[in-house]
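Hi,

Here is the structure I promised to pass on. Have a look at it first, and my notes on what turned up follow below.

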Amino acid sequence: MGLLKRTLQNIYPQDSDSRDRAKERLDQLALPHWALGDLMDLSMDLAGITRSIDPPVARKAIVTMAGDHGVVAEGVSKFPQEVTPQMVYNFVNGGAGINALARQAGAEVIVVDMGVAADLKQLAAEGKIINKKVGLGTDNIAKGPAMSLAMATRSVEAGIDIANDLADRIDLFGTGDMGIGNTTPSTAIAAVITGKPLAELTGRGTGLDDEQLAHKIKVLETILECNKPDPKDGLDILAKVGGFEIGGLAGLIIGAAAHKKPVVVDGFISSAAALIAITIEPFVRDYIICAHRSMEPGHRAMQEKLGCRPLLDLNLRLGEGTGAALAMNLVEAAVAILTEVATFEEAAVAEADK
Ligand SMILES: Cc1cc2ncn([C@H]3O[C@H](COP(=O)(O)O)[C@@H](O)[C@H]3O)c2cc1C
Ligand SMILES: O=C(O)c1cccnc1
């Protein structure tokens, strides 16, 4: 049996006993009932995910996966494809948005080459990135499938491998992406899985103007017409309209769920990966924490389908894992509430009048 199938057999819903035990304590905290709001719901989720009322989250990593996209030939991005490997160097040198925010959150940044259209072997040989290259960029999805079904499986299994390798030393995973053009496959995935119209889902990515946005929607119509992915088959969707880094992130999310570890899902591209993951195995949903609401208009529909309310809404539109790094601070806050706040009884505070 392949790695993906074996991993899926280890994915269960959140543990209701641990959730109940967390709720029992949270209900008694010396504050007006549930006054720390969504953070208290998050505490319960963390207990259910980790099977503990002292959920471990201290050791954090953002896994930023990079890949290129043949569809850039259609003029769907404001930036040229060379930016993908150039940003990989920036990540390695510590100068990108994700490096600053991960440092601030106390999270490690792990950069993975899933399919950048450039030779990054030297960086991998120096141990600065992980090499899981499936191809030199996907094929142009406006002309046919992104990749073969075998490559789609390899992408997802590469992400599972990374989760497996990190599971001994990381408690809390975050997702990040880098790949010029990747809001286009992400929008295609969103359209297939949410069933919402492209005009509602498609956004400006790195900053398209009105005319370029209208063109991107046309290209997306062509992409869906010529590929016709099966909305119930996550691997089919990934192979036809996905990307190597999107597949890798779907695998990372699946892997985190199999290890009963929370995974903070970043923005638009990471959410496309999460949609692929829950289409492959719906229980994966129980392990996902949605970091923030991106500026891309389709993000709302994606998060509704994920069944996940975002923690932050900061007009971010970057990716890289930046929103996930910011939300990790809130995940740690949710644990602090559960483990450090005293109950009415412990603090000798009078309870509410009936
Ligand atoms: C310098 C730079 C750094 C980035 N970091 C993340 N992205 C983000 O923008 C890209 C997706 O937008 P689109 O589909 O419009 O190309 C992805 O690489 C995503 O990670 C960046 C984009 C640029 C230009
Ligand atoms: O929300 C995101 O992840 C995003 C939005 C625009 C461009 N790149 C990433």
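In what follows, a residue is near a molecule if its C-beta atom, placed from the backbone, lies within 6 Å of it. Please keep in mind that this is a predicted model.

Let me start with the ligands. Around ligand 1 there are 18 residues, and those that come nearest are Ser77, Thr183, Gly205, Thr206 and Gly319. Helix 4 (83–92), strand 4 (172–178) and helix 8 (183–194) are the elements that give two or more residues to this shell. Sorted by class, the shell around ligand 1 holds nine polar, six nonpolar and three charged residues.

Now for the domains. The protein splits into domain 1 (3–54 + 338–352) and domain 2 (60–337), and their C-alpha centres are 29 Å apart. Where they touch, domain 1 supplies 23 residues and domain 2 supplies 25. On the domain 1 side, the elements that give two or more residues are helix 1 (3–8), helix 3 (37–50) and helix 15 (322–340). Which of them gives the most? That is helix 3, with eight residues. By class, this side of domain 1 has 14 nonpolar, six polar and three charged residues.

Best wishes

Methods:
Residues are numbered from 1 along each chain as its sequence is written. Chains are lettered from A and ligands numbered from 1 in the order in which they are written. This is a predicted model: local features need pLDDT of at least 70, side-chain atom pairs count only at pLDDT 80 or more; totals for chains, interfaces and linings use all residues. Helices (H or I, at least four residues) and strands (E, at least two) are DSSP runs, numbered from the N terminus. Ala, Val, Leu, Ile, Met, Phe, Trp, Tyr, Cys and Pro count as nonpolar, Asp, Glu, Lys and Arg as charged, and the others, Gly among them, as polar. Domain bounds come from an automatic or database domain assignment. Two residues are in contact if their C-beta atoms, placed from the backbone, lie within 7 Å.
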